[in-house]
Amino acid sequence: LEPTNPPPYPAHFTSAGFTSLATYSSALNSNLSFEDPKIETIRRRMHDAGIQIRPINPNDFDAELKRIYSISAIAFRRNYLYSPISEADFLSQYAKIRPILQRELVLIAENDNRPVGFMFGLPDMLARARNAPQTVILKTLAVLPERAQAGLGGLLIAECQNAARTLGYTRSIFALMHDRNASRSISSRYAAPMRRYTLFGKPL
């Protein structure tokens with residue numbers, strides 16, 4: 001989800017000889033009614049290309065996760081510190097999310113029934129626990145690196161935020177984006193940075 005740590009924590013790492021390996025940030029959108037002016041053009045272009053976006057089918061959960069895995073295995077392989085995991089391990093990890101899943105917040109894009117992108121959104125359960133405004137976590141976005149999908153990532157985010165607003169959410173968090181990740185350029189159209197993170201490392 002969107003973790004928070006006490007301010008002294010980074011100093012514990014640096015005092016123990018750890019140094020920064022990578023930096024990340026999260027951004028907050030407090031206006032889910034705003035839509036990128038370019039989205040309607042992209043929406044029409046995706047429709048003309050035969051790309052359709054639909055919510056996940058919870059009644060076919062394992063098969064849907066396999067579709068998401070097939071995209072992740074390609075889209076994330078160039079990410080910093082990426083290491084592949086098996087489909088079985090992927091399904092086991094995401095099975096834990098099923099109890100809080102809201103189908104409208106998990107979107108799969110397909111072209112002729114072939115999965116080409118997805119947006120995985122989740123309710124911010126930590127915000128609910130402290131009676132904060134209803135917030136959706138935009139956890140994972142992935143699109144296959146093919147020319148026909150240019151702009152699809154932005155459309156998936158827009159559609160997820162539209163769905164969240166319809167469900168009564170008032171805010172979204174673009175969570176834990178690597179500082180060199182392309183998703184930051186999308187988040188900047190909607191959201192302002194709210195928190196920064198550092199991944200620390202130390203030779204052993």
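The structure is a predicted model, in which local features need pLDDT of at least 70 and side-chain atom pairs count only at pLDDT 80 or more, while totals for chains, interfaces and linings use all residues. Residues are numbered from 1 along each chain as its sequence is written, and side-chain values use heavy atoms, with hydrogens and water left out.

**Salt bridges: count and network**

- With a salt bridge taken as a side-chain nitrogen of Lys or Arg within 4 Å of a carboxyl oxygen of Asp or Glu, the count comes to 11.
- Side chains of opposite charge can pair when their charged atoms come close.

**Salt bridges between separate parts of the chain**

- D36 and R189 are joined by a salt bridge with an N to O distance of 3.2 Å. Because D36 lies in the loop between β1 (19-29) and α2 (39-48) and R189 in the loop between α7 (183-187) and β7 (192-201), the pair ties together parts that are 153 residues apart in sequence. Helices (H or I, at least four residues) and strands (E, at least two) are DSSP runs, numbered from the N terminus.
- R54 is partly exposed at 23% relative accessible area, while E110 counts as buried at 12%.
- R196 and D179 meet through their side chains in a salt bridge of 2.6 Å, N to O. R196 lies in strand β7 and D179 in the loop between β6 (171-178) and α7, so the pair ties together parts that are 17 residues apart in sequence.
- R196 counts as exposed at 52% relative accessibility, and D179 as partly exposed at 22%.

**Nonpolar surface patch**

- L21, Y80, L81 and L199 form a nonpolar surface patch with about 360 Å² of accessible area together. Patches are made of residues with over 30% relative accessible area and no salt bridge, with like charges joined within 9 Å and nonpolar side chains (Val, Leu, Ile, Met, Phe, Trp, Tyr) within 5 Å; accessible areas come from the Shrake-Rupley method with a 1.4 Å probe, and for residues only the protein chains shown count as cover.
- Y80 is found in the loop between α3 (61-75) and α4 (87-95) and is partly exposed, with a relative accessible area of 38%.

Definitions and conventions. Buried < 20%, exposed > 50% of the residue type's maximum accessible area, 1.4 Å probe, protein only.
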